[in-house]
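User: I have a structure open and would like to talk it through with you. Could we start with the whole chain and then go to single residues?

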Amino acid sequence: GYDHSLAISSNGELYSWGYNSCGQIGNNSIIDVNIPKHILISENIIKIACGSCHSCAITADNRLYTWGNNSDGQIDDNSYTNALVPKNIYLSGTKCAEIACGKNYTLALTNNNNYYAWGNNDYGQLGDKTTTCCKEPKNIVMYGGVKFIKIACGETNSIAISTDNNLYVWGNNKESQLGNGNTYNANCPQNTTLKGIAISKIASGAAHALAVSNTGKLYSWGNNDNGQLGDCTTQESNLPQQIILSGEKFNKIAIGETHTIALSDEGELYAWGNNSNGQLGLNSNLSYDIPQYIDVPNVKFSEVACGTDFSIALSNVGDLYVWGKNDKRQLGDNSTVDVNAPKKLEFENVKFSKIACGDSHITALSTTGEIYSWGDNTSGQVGVGTTETINLPQKLLVNGVTFIDIACRMQHSMAISSTGTIYAWGNNASGQIGDGNVANVLEPTPIIVNDI
């Protein structure tokens, strides 16, 4: 959520922690929880979702539970009273298969693909042809018998994939984020012009979005002030536009605040959008409104990630390349000078398998399960035991621990060890680290969760 977290243990138990002003933790209290708390639901949990201040879970028997803020009826207990413990939600005798949470609303799909929505509806994000809030699940029947198989929420807009692989959108459309041909809010699901095109991946920036089809085609829409849509204009687009690159197929996309990078099936990188700090990696600071090939001779890439205004890519032989803004030493090259072309970071006998970016710091996972980190360290998000900015990659000293995955948010970092233990460090203002307090954590700390 905005400031709370949910997790499912390997044996199906639910844990929650963080900000709890509306009971979104589910422990029958409104006191913030700064260590993971076991939430008592008698059945095993298989899926979870968070809104800004409410939570949802689906059990192994496909029962739906909700709790937390209920100011717009998003919990569904036929009232507007916050729920401090999980409540079983009845969906007309059917079983819940998918859930998604927006700011103050909830969407659900049943196992027979019926669509339910409830909560805040100021922008029509429930899709029921009204803007009236609903305090109990409403079965919304689509025209022509359309059924959904996947649902997702923005803050106040919704998106779904139908059983015939079409993309539907509805809700807030102020920045053309629906891609449905206008900037009017939509109070019922609208089929985009991508009808008949199966989408496999999607990514969102500050106010623009991109999608990759299952055939590797690239589409974009939304705000375009910096050419981030890659459509040869700087005009906002209220329709998905295919980004034409002859012969190229894409499998991954990464979005910074106002720039975009795409990775092709051939391991090549293309970039477009804002380039004021060299974040496109084109050996200049000229911004581009169409994709530009990033020329790195004799190198193929397997991963790409973006911070606010810098970029990092992982080659298919495990080397790291960085470029873009460097004011907080986020590029790890021992300087504060921006770099406008991919620069290889030199390591002695170290190769990498994963990369992640925060706002202005980078974390990388080596092929031997060690974590390296560098850049802005204001909140201890680099994990070296201090708050000093780190201008070269530092190996984090976690004795005897091998890691298998990493992730970063704005100013905190997380990792999973080979034994399934979660480690976290960095900003902890809302208890998001889960270590028992709200002080920032300066080095990787195991999150102790009883009985996992």
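User: What does the accessible surface of the chain come to, and what share of it belongs to carbon and sulfur atoms?
Analyst: Bearing in mind that this is a predicted model, the accessible surface of the chain comes to about 19000 Å², and carbon and sulfur atoms hold 45% of that area.

User: And how many helices and strands are in the chain?
Analyst: The chain has 35 strands and zero helices.

User: What radius of gyration does the chain have, and what would a compact globule have?
Analyst: The chain has a radius of gyration of 22 Å, which agrees with the value near 22 Å for a compact globule of 452 residues. Along the principal axes, the C-alpha atoms fill a box of roughly 60 × 50 × 30 Å.

User: What percentage of the residues count as buried?
Analyst: Of the 452 residues, 54% count as buried. As for contacts in the chain with a separation of 6 or more, 45% of them are accounted for by residues 24 or more positions apart.

User: How many positive and negative side chains are there?
Analyst: There are 27 positive and 41 negative side chains, and the centres of these two sets lie 6 Å apart.

User: Changing topic, where does threonine 110 lie, and is threonine 110 buried or exposed?
Analyst: Threonine 110 lies in strand β9, which covers residues 105-110, and threonine 110 counts as buried because its relative accessibility is 2%, under the 20% cut-off.

User: What does its side chain make a polar contact with?
Analyst: The partner is the side chain of asparagine 112, at 2.3 Å from the side chain of threonine 110.

User: Which strand holds glutamate 136?
Analyst: Glutamate 136 belongs to strand β11, residues 134-139, and with a relative accessible area of 41% glutamate 136 is partly exposed. Its C-alpha atom is separated by 8.1 Å from that of alanine 117, a residue 19 positions away along the chain.

User: What about lysine 129, where is its place?
Analyst: Lysine 129 sits in the loop between β10 (115-119) and β11, where its phi is near 70°, a positive value in a residue other than glycine.

User: Why does lysine 129 count as exposed?
Analyst: Lysine 129 counts as exposed because its relative accessibility is 62%, and the cut-off for exposed is over 50%.

User: Last one: what is phi of asparagine 349 near, and where is asparagine 349 found?
Analyst: Phi of asparagine 349 is near 60°, a positive value in a residue other than glycine, and asparagine 349 is found in the loop between β27 (339-344) and β28 (352-357). With a relative accessible area of 78%, asparagine 349 is exposed.

How values were computed: Residues numbered from 1 in each chain as written. Predicted model: local features only at pLDDT ≥ 70, side-chain atom pairs only at ≥ 80, totals over all residues. Heavy atoms only, no water. Helix = DSSP H or I, 4+ residues; strand = E, 2+ residues; numbered from the N terminus. Rg over C-alpha atoms; globule rule 2.2 N^0.38 Å. Buried < 20%, exposed > 50% of the residue type's maximum accessible area, 1.4 Å probe, protein only. Contact = heavy atoms within 4.5 Å. Areas by Shrake-Rupley, 256 points an atom, 1.4 Å probe, with all protein chains shown as cover. Lys, Arg positive; Asp, Glu negative; His and termini not counted. Charge placed at Lys NZ, Arg CZ, Asp CG, Glu CD. Polar contact = N/O pair within 3.5 Å; in protein donor to acceptor, adjacent residues only side chain to side chain.
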